[in-house]
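Let's work through a protein together, one question at a time. Keep the picture in view as we talk.

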Amino acid sequence: MAESAENGASSSAEDTSAALQRKAEGRGSAGEVRKAKKKKKRNKKVRLGRALYVLGSVLIVRSERPLNIRKVQNAIVVAKGKKKVGKVHDIFGPVSSPYVSVKIFQGVSERRLLKLLGRKVFILHKRVAKGAVKGGKEEKQGGRAEGAEGVEIAGEK
């Protein structure tokens, strides 16, 4: 037991010296290396809800909880075992348990879709940076709307 404790102490000392060497060489610290490894991980599977209906090329899913629209919109929908089914197209209904329409991919058979009914489906969760806007910075517009100079408001002259 004493040998394993000594080996653990020597390995942590080696890790520390390796981190210092990387930092001196400009390659980054051990923490940065761990962060880089985390970024390489595949997308996480997050439960979306239960499949209710198949309407042509659309699958309707009912979620049991509120959804973060930024994370769910355009996400890939998968069945058990990460078999891709489609892509989230629209979110509608009550906020507490919304419905989600999923546009089905072309290669998915009707038989497979019918097996999904009543079962759980998932999305491949992508991490979204806080404050990130897909199209770049949003422009704020102040004042009157364009083309409203000639409009009279009741009571004003």
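Predicted model: local features only at pLDDT ≥ 70, side-chain atom pairs only at ≥ 80, totals over all residues.

Residues are numbered from 1 along each chain as its sequence is written, and side-chain values use heavy atoms, with hydrogens and water left out.

Student: How many helices and strands does the protein have?
Tutor: Helices (H or I, at least four residues) and strands (E, at least two) are DSSP runs, numbered from the N terminus. Read from that end, the elements go α-α-β-β-α-β-β-β-α-β. The protein has four helices and six strands.

Student: In what order do the strands close into a barrel?
Tutor: Two strands pair if DSSP finds at least two bridges between them. Here the pairing is antiparallel, and six strands close up in the order β1-β2-β5-β4-β3-β6. From one strand to the next, the twist averages 45 degrees; for such angles, axes are lines fitted to C-alpha atoms (for helices over the stretch in contact), and angles run from 0 to 180 degrees between N-to-C directions.

Student: Which residue in the turn between β3 and β4 has a positive phi?
Tutor: Strand β3 (residues 76-78) pairs with β4 in the antiparallel sense over three bridges, and Ile 76 has Lys 87 in β4 as its bridge partner. The two strands form a hairpin with five residues between them. The turn residue with a positive phi, about 85 degrees, is Gly 81.

Student: How many bridges join β4 to β5?
Tutor: Gly 86 stands opposite Ile 104 in β5, and Phe 92 stands opposite Tyr 99. These strands form a hairpin with six residues between them, and Gly 93 in the turn has a positive phi of about 100 degrees. Strand β4 (residues 84-92) and strand β5 (residues 99-104) run antiparallel, and the number of bridges joining them is six.

Student: Are the rings of Phe 92 and Tyr 99 stacked or edge-to-face?
Tutor: Rings of Phe, Tyr and Trp (its six-membered ring) pair if their centres lie within 6.5 Å; planes under 30 degrees apart count as stacked, over 60 as edge-to-face and the rest as tilted. By this rule there is one aromatic pair. Its ring centres, those of Phe 92 and Tyr 99, are 5.8 Å apart and the planes lie at 15 degrees, so the pair is stacked.

Student: Is Phe 92 buried or partly exposed?
Tutor: Buried means under 20% relative accessible area, exposed over 50%, and partly exposed in between (1.4 Å probe, protein chains only). Phe 92 has a relative accessible area of 35%, so the label for this residue is partly exposed.

Student: Which side chain meets Glu 64 in a salt bridge?
Tutor: A salt bridge is a side-chain nitrogen of Lys or Arg within 4 Å of a carboxyl oxygen of Asp or Glu. A search of the whole structure finds one. Glu 64 lies in the loop between β2 (58-62) and α3 (69-72) and its partner in strand β1, so the pair ties together parts that are 17 residues apart in sequence. The N to O distance is 3.3 Å, and the partner is Arg 47.
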